[in-house]
Amino acid sequence: MHRHLRDIVRFYVDGFREMTVGRTLWAIILVKLFILFAVLKLFFFRDPLRGTDRPGHVLECLTETDR
Amino acid sequence: MFSDYISTVDWSRAQFAMTAIYHWLFVPLTLGLSVLVAIMETAYVRTGDAFWRRTTKFWMRLFGINFAIGVATGIILEFEFGTNWSNYSHFVGDIFGAPLAIEGIMAFFMESTFIAVMFFGWGKVSRKAHLAATWLTAAGANLSAWWILVANAWMQHPAGCSFNLETVRNEMTSFTEVAFSPVAVNKFCHTATSSFTLAALFVVGVSAWYLLRRREEPMARRSIAVASAFGLVAALFTASTGDRSGAIVARVQPMKLAAMEALYVGEEGAPLTVLGIPRAQPVNGELVRYKIDIPKMLSLMSFRDPDAYVPGIRDLVAGNPERGIPSVAEKMERGRAAIDTLAAYRTARDAGDRAAEERIAALFDASTPQGAEFLDRNFSCLGYGYLERPEQVVPNVPLLFWSFRTMVGAGTLFILILAAMWWFNRRGTLTEKRWFLWTAVWCIPLAYLASQAGWVVAEVGRQPWAIQDLMPVGVAASKMPSGSVATTFFLFLALFTALLVAEVSIMLRQIKIGPEKE
């Protein structure tokens, strides 16, 4: 079991170590994921219906029209 | 209230369109190149020829760049459903969310598990195990696309659901109807095969560049042999599924078809317009000037009958009783009755009037004759009740007209170019035809343009609907200040542009470096 786990870890470690273009790509991936989840998700993607009675709010939107 | 949020809706639409367009710059190459790489690796495993190993590793490197930079760009679209389209997300989230969740859990994990073996496993796992990982990565990528397209197809043609009045949500009643609706199946086949064509053109174009530079000739020629044959088959399938798509659209979204063809007045034996200049308003019942058309072809392609009647924009807006087509005004009345019923339920609920609540709830029970009639006659037209004018159901005709012709024209050109590429390469005369090699290089951006044009046809063509006939975009959008949507629009624009610049520059550098010496 331990041997298998060690082999899997070594597989990934060696894989990352041998990467050439991959290092730049990983830098791009990490920066991108940081922007997506740490910046955009926290500060810009807020749930507009949080804390509201969701069915009631949507029913209000569906029934209040200008017609 | 509807008109107060127009600017928010417009920003939300622009933001979604922009993120979807950028996301789609990465996806089709991933879908197609993963399969091409798997085919090349199969050649390596079958022949044991180190040449194919080197060739596979080169294209796999370009696949990896595209995958790494494009991965997770679709997550922004999913965020936007929750923030900019919260009414939509609540109204149909139980249905729409299911394929997206399956995509995340099954396909995405499958793809990302095997991609590690694909990139790190050379020389560490057996050849056959590595090949299996490569094929499973390709299968995972395409399975991801399947579930996303199931979700999109459902918006174009809602099926397999019922409305729960208490929760104000549509709920899935048949997973099979959602996952395997003819719209979803055909949409996946058309999108996947067109992506295979784009990837084939990418490989052919890059290989053509090597031939122009007189570099890597053996790799370029054998890559062209594989990619042109693969691309030709894919392009022919794309044409076939596109034809099927037209026939499906004629039945489930007739306005989209009429707008694509700029057909104002419906007719029997309707011609297919090959070229012409569309205008915004009809003159003498005609929306296209200087028209070149093929007689009866639109009827034949839409209903498999050269004399079939194809409704035009006027028929679909004003109605055509002779053909059994109701007017939009009539549907608006039916939809307004549905909205009034929802409003009565809301009043009863707020007042705690249980008797009235139960009486209204019975109307949403499809198992009773009264409920079946209400759902069929009124609730199915709910979205029309929010329209202010019947003409609002007409999408942007000139944009659709040109996008459709760009997609079809380029697709036809690709079939010819891929066939000629395969033939010249087979005869060994390709390197002499430098103009043709340059044409192949320029087909790369043209393939992206055609692919984007296809999505413009699909998405602009269904306006004003977020969900066909049930919910217009104005109701689907969140109530939020337009300024915050505008701010995030520019943030995403900057992020995606940076990613695209990174993609293009890294890709070009790697193409210039070429395959690694082994």
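Author: A polar contact is a pair of N or O atoms within 3.5 Å; within protein, one must be able to donate a hydrogen and the other to accept it, and residues adjacent in sequence count only if both atoms are side-chain atoms. This is a predicted model, where local features need pLDDT of at least 70, side-chain atom pairs count only at pLDDT 80 or more, and totals for chains, interfaces and linings use all residues. Residues are numbered from 1 along each chain as its sequence is written, chains are lettered from A in the order in which they are written, and side-chain values use heavy atoms, without hydrogens and water.

Reader: How many residue pairs are in polar contact between chain B and chain A?

Author: Six, with both residues at pLDDT 80 or more. Helix 18 (482-513) of chain B is among the helices that each supply at least two residues of the side touching chain A. Helices here are DSSP runs (H or I, at least four residues), numbered from the N terminus. Helix 18 gives the most, nine residues.

Reader: How many salt bridges does the rule find across the interface?

Author: A salt bridge puts a side-chain nitrogen of Lys or Arg within 4 Å of a carboxyl oxygen of Asp or Glu. The rule finds three between chain B and chain A. Arg349(B) and Asp53(A) form a salt bridge at 3.6 Å, N to O.

Reader: How many residues does each chain bring to the contact?

Author: Contact means heavy atoms within 4.5 Å. Chain B brings 53 residues and chain A brings 40.
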